[in-house]
Amino acid sequence: MKRFCISCGVEESETTPIIKGLCPKCYVMLRGLASAPQSVDIEFCRVCGAIRVHGKWVYVHSFDEAREVVEDLVIDLLKPSEDVVLEDVEASFRLYESSTASVNVIGKLGGVRVSQTITIQLNWRSTLCPLCRKIAGGSYSAVVQVRYVNRDRDIDKYINELRSLYGKWIKEIKPVKNGYDITLLDAEVAKRIAEDFKHRWHAVKIVKSYGDTKRLSTGETISRLYVSVRILNFKPGDYVIIDGKPYTVDAIEGSWLALKDSNNNVKRIHIDEVVEGIGKYRAKKSR
Ligand SMILES: [Zn+2]
Ligand SMILES: [Zn+2]
């Protein structure tokens, strides 16, 4: 027995399958290929153009990138109808401007290719991302204090690399005596940079502390994170004072220093036992 579309009466054929009592044309009209909310709010940063997606801020670097982010967000809103296999979705919309997005959905229904245009109202909500809010507030949340024993071109090179790796989060890199102070807008980035140093130079001591707590106009309190990164890159010939006695570094063996006293006696000390003094280096009580 032939089946008919309960809506338009067309008879079932190879090119016109009947699905849930409907021909493909009527199925698309009455049930739709996919469901989507009528409208969606999209938060964006009016300063840097970052877009908030599922609660997370996505920092985009071009309109193309922004377009991709929004397109993915729109596609995620679609729920295909149960009889439909989605094959392609294309969305056109305006960036950073509330308007209607048209989403062209192409899919298969009972083996027949069908398409539909679904519209979703996009409401762009202008705000500030956490980063730009901090910049606007003139505050910063972290300082990485990098100090070395010996100047090393690799450290200078890495400091320059940081600018391209974390440029957006860096407020200032200031050369200081035996090191650099890196002022950052984000505490997590500060911790990551400290770990990078440890990873590259091994003999690195990291000490974290908080200070300069202040209250923002929004009522939030913020503290500055200080991360001290001491790169203990001793080299033979360096002068060290331990328990008031002067030594020169004879050799570096992994995390151990071989030290020579004034009588040419050699003793070994672990790098963790060396603490930095003011302008000189001394060691805690030796074992
Ligand atoms: Zn029909
Ligand atoms: Zn921003």
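Biologist: Leaving aside its neighbours within four places in sequence, what is Ile182 in contact with?

Modeller: Contact here means that two C-beta atoms, placed from the backbone, lie within 7 Å. By that rule Ile182 pairs with Val143, Val144, Val146, Leu162, Ile170, Ile173 and Ile193. Do keep in mind that this is a predicted model, where local features need pLDDT of at least 70, side-chain atom pairs count only at pLDDT 80 or more, and totals for chains, interfaces and linings use all residues. Residues are numbered from 1 along each chain as its sequence is written, while chains are lettered from A and ligands numbered from 1 in the order in which they are written.

Biologist: What makes a nonpolar core, and which residues touch the most other members of the largest one?

Modeller: Members are buried Ala, Val, Leu, Ile, Met, Phe, Trp, Tyr and Cys residues joined through C-beta atoms within 7 Å. The largest such core has 32 residues, and Ile182 is among those touching the most other members, along with Ala142, Val144, Leu184, Ala190, Ile193 and Val229. Helix H5 (187-201) is one of its suppliers, giving the most, with six residues. Both domain 2 (137-231) and domain 3 (239-283) contribute at least three residues each; these bounds come from an automatic or database domain assignment. Another core, of 21 residues, lies apart and includes Tyr27 and Phe93.

Biologist: Why does Asp272 count as partly exposed?

Modeller: Buried needs 20 or more other C-beta atoms within 10 Å, exposed 12 or fewer, and partly exposed falls in between, with C-beta atoms placed from the backbone. Asp272 has 13 such neighbours, so it is partly exposed.

Definitions and conventions
Helices (H or I, at least four residues) and strands (E, at least two) are DSSP runs, numbered from the N terminus.
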